[in-house]
Amino acid sequence: MSVDTATVRHIAKLARIAVSDAEVEALVPELNNILTWVEQLQEVDVSGVEPMTAVIPNQLRLRDDIVTDGGKRDDILKNAPVAEHGFFAVPKVIE
Amino acid sequence: MTALTDLGVAAIRDGFRAGSFSAREVADSFNEAVAKARALNAFIVETPDHAIAAAEQADRDRSDGLVKPLSGVPIGMKDLFATRDIQTTAASGILEHFEPAYESTVSAKLFAAGAGMLGKLNMDQFAMGSSNETSAYGNVVSPWRRNDGGNAPLTPGGSSGGSAAAVAARIAPAVTGTDTGGSIRQPAAFTGITGIKPTYGRCSRWGIVAFASSLDQAGPMARDVRDCAIMLEAMAGFDPMDSTSLDLPVPHWEAALSSDIRGKRIGIPKEYRIEGVPPEIDAVWEQGIAWMKDAGAEIVEVSLPHTRYALPAYYIIAPAEASSNLARYDGVRYGKRVDPGQGGLAEMYEATRSSGFGAEVKRRIMIGTYVLSAGFYDAYFNQAQKVRALIARDFQQAWEKCDLLLAPTTPSAAFGLGEKSDDPIAMYLNDVFAVPASLAGLPAMSVPAGLDSKGLPLGLQIIGRPLDEQGVLNAGLAFEERAGFTARPEPWW
């Protein structure tokens with residue numbers, strides 16, 4: 001499998017990364033080199049093998065359904081590039 | 001008298017307790033060494049005040065008879081660990097000026113154990129790299145140079161390159177690192193120091209900037225095995241804030257250190273003998289095998305048949321997890337925002353991420369996005385996770401025949417900065433020996449074995465069963481006693 005410029009633009013869109021035409025041209029061979037290299041995994045016989053989901057068997061813990069945290073608005077907003085009136089501020093979303 | 005900066009963790013701790021020097025004297029010596037070594041670019045942020053405050057507390061605690069496990073010991077912190085009110089960037093432009101309002105569990109544990117912090121260590125951006133050339137804060141330069149009289153700057157390895165350089169240059173007695181696919185072991189090998197990645201889940205990931213969550217694991221890097229054991233004991237332990245943290249007591253690794261490994265079966269994985277590896281790597285491996293025999297271990301050949309697929313599986317799984325983890329950098333909640341001035345929210349996201357992430361990070365996010373996208377998920381991601389299961393099974397089968405594995409850490413000594421940066425796959429191949437243990441979540445440690453013909457360090461790696469850090473450390477100690485590695489870089493910085 002290989003990618004072309006249209007696919008690279010589509011991936012960049014999905015990843016929310018702006019790419020220039022020159023970057024797309026450079027990324028096509030770069031990504032294809034990597035994809036061709038990982039292609040060798042297809043030769044491994046994996047019949048009957050379950051995909052690994054945890055390296056060390058470990059039960060996911062549940063905690064009591066109670067509030068354990070909160071009241072940290074100022075801490076949370078401290079690093080926001082733009083915050084107004086105690087909220088994160090973003091460019092206009094709704095016309 | 002020996003310079004205080006020549007002392008490791010155990011020597012500082014013990015000398016401080018014995019009253020040979022004050023913690024403040026130690027902190028001052030290392031702060032001065034850090035400030036003098038800026039040519040290495042090992043630190044992104046220096047925090048001399050933190051080290052001094054901890055030292056003054058340690059000195060007061062000593063007079064009160066209240067010394068803690070790391071009282072008097074200043075350490076370096078990889079910039080992947082969130083440190084409260086101290087800039088934490090993962091060496092990325094997208095986290096510029098980020099000052100966490102909280103402390104990572106590992107750094108909190110180290111501070112609670114009495115350690116002070118010398119600064120935040122440079123690294124590959126988001127820990128994605130094997131040469132410390134992807135940092136937004138510039139390359140780290142290894143303190144080592146080839147003995148050919150040239151001054152070619154060499155890589156300290158990566159991603160924990162600042163960490164490795166700092167220990168090797170004696171500007172920090174010990175540091176934290178993180179290992180996703182070799183990021184502790186490979187730089188340790190390149191710089192002639194010791195570093196251990198514990199079993200996945202031993203150290204809490206809470207507050208560590210996430211790269212690939214099923215692989216990321218913190219561990220210490222220091223001058224020798226004992227210092228690593230001391231550090232790891234302080235860093236490890238159950239943490240309810242990390243869902244994959246292991247709810248197990250922390251063993252007393254230092255107290256149980258013993259170089260008596262008579263009767264241990266040490267496996268030599270035949271698939272780690274790969275073409276194109278310089279003969280010096282094989283020679284140092286043979287030497288290591290001889291040392292293990294001398295220590296009374298039994299050497300057995302084992303097979304890990306899926307070894308060659310570990311690296312390609314890793315380069316699907318790690319970017320896939322990274323593309324998901326790094327979705328959080330949106331220019332809204334923290335870090336950098338680039339407003340293109342026109343368009344709306346989506347354009348702001350795209351401009352911010354395009355400007356904030358470095359080239360290698362973008363490349364990996366794009367690969368990850370692609371392998372997870374509709375129509376490709378089964379062919380790539382699921383296939384890789386199945387191969388990962390087979391790699392883990394290889395190790396399980398090997399453990400029926402042996403207790404530990406011994407292999408090279410890296411396929412070469414340190415290379416020059418810029419030598420591999422144009423070829424991602426050549427760069428990825430650095431981690432060919434390190435990645436399998438990462439995929440299987442196993443404890444693994446690199447110990448210095450000797451120097452190559454150019455005077456550069458080479459390391460060997462000891463891999464253990466899940467949770468057998470003690471076995472790894474003990475074999476490491478037996479190895480260290482026989483290797484007698486005392487080489488250190490000649491200061492030029």
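Colleague: Which residues does B:G450 touch, not counting residues up to four places away in sequence?

Modeller: This is a predicted model: local features need pLDDT of at least 70, side-chain atom pairs count only at pLDDT 80 or more, and totals for chains, interfaces and linings use all residues. Residues are numbered from 1 along each chain as its sequence is written, and chains are lettered from A and ligands numbered from 1 in the order in which they are written. Two residues are in contact if their C-beta atoms, placed from the backbone, lie within 7 Å. Leaving out residues up to four places away in sequence, B:G450 touches B:V284, B:Q287, B:L458, B:A483 and B:F485.

Colleague: Is B:G450 buried, partly exposed or exposed?

Modeller: A residue is buried if 20 or more other C-beta atoms, placed from the backbone, lie within 10 Å of its own, exposed if 12 or fewer, and partly exposed in between. B:G450 has 18 C-beta neighbours inside 10 Å, so it counts as partly exposed.

Colleague: How many helices and strands does chain B have, and what is its radius of gyration?

Modeller: Chain B comes to 15 helices and eleven strands. The radius of gyration is taken over C-alpha atoms, and the globule rule is 2.2 Å times the number of residues to the power 0.38. For 493 residues the rule gives 23 Å; chain B is close to that, so it is as compact as a globular protein of that length, with a radius of gyration of 21 Å.

Colleague: What percentage of chain B counts as buried?

Modeller: The C-alpha trace of chain B spans about 65 × 55 × 50 Å along its principal axes. Among its contacts between residues at least 6 apart in sequence, 77% join residues at least 24 apart. Of the 493 residues of chain B, the buried part is 61%.

Colleague: And chain A: what is its radius of gyration?

Modeller: From the N terminus, the elements of chain A run α-α-α-β-β. The globule rule gives 12 Å for 95 residues; chain A is well over that, so it is more spread out than a compact globule, with a radius of gyration of 23 Å.

Colleague: What percentage of chain A is buried?

Modeller: Along the principal axes, the C-alpha atoms of chain A fill a box of roughly 55 × 45 × 25 Å. Of its 95 residues, buried ones make up 15%.

Colleague: Which helix gives the largest share of the side of chain B that touches chain A?

Modeller: The contact takes 55 residues from chain B and 41 residues from chain A. On the chain B side, α9 (310-325), α10 (345-356), α11 (359-372), α12 (377-398) and α13 (424-428) each supply at least two residues. The largest share, ten residues, comes from α12(B).

Colleague: How do α9(B) and α11(B) lie to each other: roughly parallel or roughly perpendicular?

Modeller: Axes are lines fitted to C-alpha atoms, for helices over the stretch in contact, and angles run from 0 to 180 degrees between N-to-C directions. Angles under 35 degrees count as roughly parallel, over 145 as roughly antiparallel, 65 to 115 as roughly perpendicular and the rest as oblique. Here the angle is about 95 degrees, with the axes of α9(B) and α11(B) 7 Å apart. The two helices are therefore roughly perpendicular.

Colleague: Which hand does the crossing of α2(B) and α3(B) have?

Modeller: Helix α2 (residues 23-36) and helix α3 (residues 48-63) of chain B pack at about 165 degrees, with axes 8 Å apart. That makes α2(B) roughly antiparallel to α3(B). A crossing is left-handed if the near helix is turned anticlockwise from the far one by less than a right angle, and right-handed if clockwise. The crossing of α2(B) and α3(B) is right-handed.

Colleague: Which residues of α7(B) make the contact with α15(B)?

Modeller: Helix α7 (residues 225-235) and helix α15 (residues 469-483) of chain B pack at about 155 degrees, with axes 9 Å apart. That makes α7(B) roughly antiparallel to α15(B). α15(B) brings B:E469, B:L473, B:G476, B:L477 and B:E480 to the contact, and α7(B) brings B:V225, B:A229 and B:L232.

Colleague: How many residues of α5(B) are buried?

Modeller: What covers the buried residues of α5(B) includes β1 (43-46), β2 (74-78), β3 (116-121), β4 (174-179), α6 (185-191) and β6 (217-222) of chain B. Helix α5 (residues 161-168) is mostly covered, and its buried residues number eight of eight.

Definitions and conventions: Helix = DSSP H or I, 4+ residues; strand = E, 2+ residues; numbered from the N terminus.
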